[in-house]
Amino acid sequence: MTTKVTKMPALKDTNVVKIAVEMEDQVAQLVEFKQQQPLAATIQELCNGWGLSDPDQYALQFSEINNRNYITEKNRNEIKNGYVLRLTFSPSKTAHDILQKLNSSSNDEKTAAVQKLSSLSMDMTFALEFINKQGLALIINLIEKGKCKGELLAHTLLSFVELMDHGIVSWDILELPFINTVASYVNNQSSPQDSKVVQASLSILESIVLNSTGKYGQVEKEIGFQNLIMHLQTQNPVIQQNGIALINALFQKADHAKRKSIASALCSKQVRNIITSNLIQSRSGQVGTEMAHQLYVLQTLIFGLLEQRMNTKMDSQDQDAHDKIKELRKIAFDLDITNAADSTVRRQMGVFAKDYKKLGFKYDINPALDFTETPPGMLALDCMVYFARNHTESYTKVVLENSCRADEHECPFGRTSVELVKLLCEVLRIGESPSEQGQTYYPMFFTHDHPFEEFFCICIVLLNKTWKEMRATTEDFLKVFSVVKEQITRALAAQPLNLEKFKQLLQALTYAEITQLWQRERTSREEWESHARPIVELKEQITPEIMDLIQKQRLGFLVDGTCFTKYSQRGQRIKDKFWYVRLSPNHKVFHYGDCDEKSVPSLEELPNKLAVVDVKALVTGKECPHMKDARGRKTTHQLAFSLTLDSVEVTSLDFVAPDEKAFDYWTDGINALLGNKMVSKETEHDLETLLSMDIKLRLLDAEGIDIPQDPPPIPDDPPNYDFCYDFK
């Protein structure tokens, strides 16, 4: 009897991948790349295959269009089956060759060298070698001398930007001659400049202002503000973007007095028109992510100037403030008094106190006490006076209308103005620093030289209109403000282009309309809130099904993928650098790689892969490796999450989500893949919504029936079962 021996297939070695290696003027080699073998040994074998001597002079490089990085012991685990690599000269030799050409006398050789340098400098491995060989010092020297022109200058500046972006060298090393030379490329409006020169120069100056200590004054002195405004009018979106970023940097680092000066210039009609027509209403019709961020930062900085007044209490010795309060009374009640004697009589009769009461001040004997609460502090008085001076007719109408109403239906102008300014400061987040991820700006605020004050004027008229529509009394104060806040936030969400369109939106959002909207939203989340035991038990039964549904949606979101902004290892946002991550349809592998802002690459276009089984854990917030050194970026660390890996070479994959929703969806999806519970706010919200819908559908047949809090008692067993029917 013969026994058949079945040979088991050999286990696949995960540490060996099959790749192709190319080299210029050579036939490609198909090899097995062993992850456990030192790179030097792999390169030695490849050199032997092509008959090359000095293997120390060579290195492996990725060959993708958007990834030409050198392969090191740290990133070698990114190499997967089917990859095509290149054997090329090592970073050390390449840096040495480029430096030799830069020191040559031929401009053509220098131009070719800096072209190569500008592309290689994006790789940290090469950048370290080049800087260690004093290459950065040579680049700085070339720029300082000012002898580079045209394409040579453009690539030299771009190379400098890429080398400095790695954070290897401090920006404090730059001296005045360098700053002056770079500033001259921005200021030179007489002769046409290469667009790459201007955009690189603007980027360099922005980085000097933000990242150096004590260099702000030099940049601010050298740069002409009007020249920056001129660059906003160019048709090149990158120059526009870098121009507004430099303005924001100068604004951010300036003292309070200088900030007011910059804001005054930016709010001039000429500059506002340039921002509106060239940046907001651009020819492309769309505002890019980075430009939206810069406009948000600019808006936040301009409104930030109001913080000081917002947090200043009224000083009883402040004569100017007392005069403003008197002016409010005078404009409202003395416009029809032409005889000075009459005014004197009114004063003698103590009518001023009555007038202050009609104006709606809480403390009619001493209205100054109304402005002791911060916020809104003195900002409330500023807005009220602005309204009285610039919209006198509307002001007197509001005041006189209320003074004629019965006391219980009076809308007190003074008290409501103070609360309204407080509300507007809260809605616009005045006093908060710009966040790294913020993109919410309102075009209408760039159409007026006093945007906040005009915003107040529109909203105080709205408040009085809503008060009348609600037939409110002083007891309804909080209720009226909840409606007004809803009206304002809904109108702002529509992104009106100017204040007139904002008014039109508010006109449509009447109290009746808001009530209907609230009613519709309320009816969409009703019965499930019931605490009756049958409903609670029904919820418990269907919750697992709904959680499965939410999990499928989250995994579907990961399969579709998301574009993330790139951040450095120190938690700093890298401008205009994006990467795309998506999950494979079988939920086993993450595919990721660099991308453009608006592109949606397919799985095949994403060169890097990470198996889900290699993910050790998910960490969020300040626990993330790239957020541990980040300072003062509240919003950024709240949106940060990292995948910690079992790999020795790459310990984590670090993300910063574009918004809270994407953060919740990604963390939910990853937790689902790791077998953990989904705990985000979005999961809670979705679970509540779907539970509500499901329960309402199931209870349609029970409509109109009162569901008891407790189930009815189960009756006792009958004495016999003789009543049962025998089917036999």
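A salt bridge here is a side-chain nitrogen of Lys or Arg within 4 Å of a carboxyl oxygen of Asp or Glu. Before you click, know that this is a predicted model, where local features need pLDDT of at least 70, side-chain atom pairs count only at pLDDT 80 or more, and totals for chains, interfaces and linings use all residues. Residues are numbered from 1 along each chain as its sequence is written, and side-chain values use heavy atoms, with hydrogens and water left out.

**Stop 1: Lys 468 and Glu 401.** Select these two and you'll see their side chains meet in a salt bridge, 3.4 Å from N to O. Lys 468 sits in helix α22 (residues 451–470) and Glu 401 in helix α20 (residues 392–404), 67 residues apart. (Helices are DSSP runs of H or I with at least four residues, strands are E runs of at least two, and both are numbered from the N terminus.) Lys 468 is partly exposed at 43% relative accessibility, and Glu 401 is partly exposed too, at 32%. For these labels, buried means under 20% relative accessible area, exposed means over 50%, and partly exposed lies in between (1.4 Å probe, protein chains only).

**Stop 2: Arg 573 and Glu 290.** Glu 290 is buried, at 4%, but Arg 573 counts as partly exposed at 22%.

**Stop 3: a network.** Now pick Arg 309, Asp 320, Lys 324 and Asp 382, which are linked in a network of salt bridges. Across the whole structure, a search finds 21 salt bridges.

**Stop 4: two crossing helices.** Show α26 (residues 533–560) and α28 (residues 660–673): their axes come within 8 Å and cross at roughly 110 degrees. That makes α26 roughly perpendicular to α28, a label for angles of 65 to 115 degrees. The axes are lines fitted to C-alpha atoms over the stretch in contact, with angles running from 0 to 180 degrees between N-to-C directions.

**Last stop: Asn 671.** Stay in helix α28 and select Asn 671. Is Asn 671 buried or exposed? Asn 671 is buried, with a relative accessible area of 12%. Leaving aside neighbours within four places in sequence, Asn 671 is in contact with Leu 618, Asn 676 and Lys 677.

Note on methods. Parallel < 35°, antiparallel > 145°, perpendicular 65-115°, else oblique. Contact = heavy atoms within 4.5 Å.
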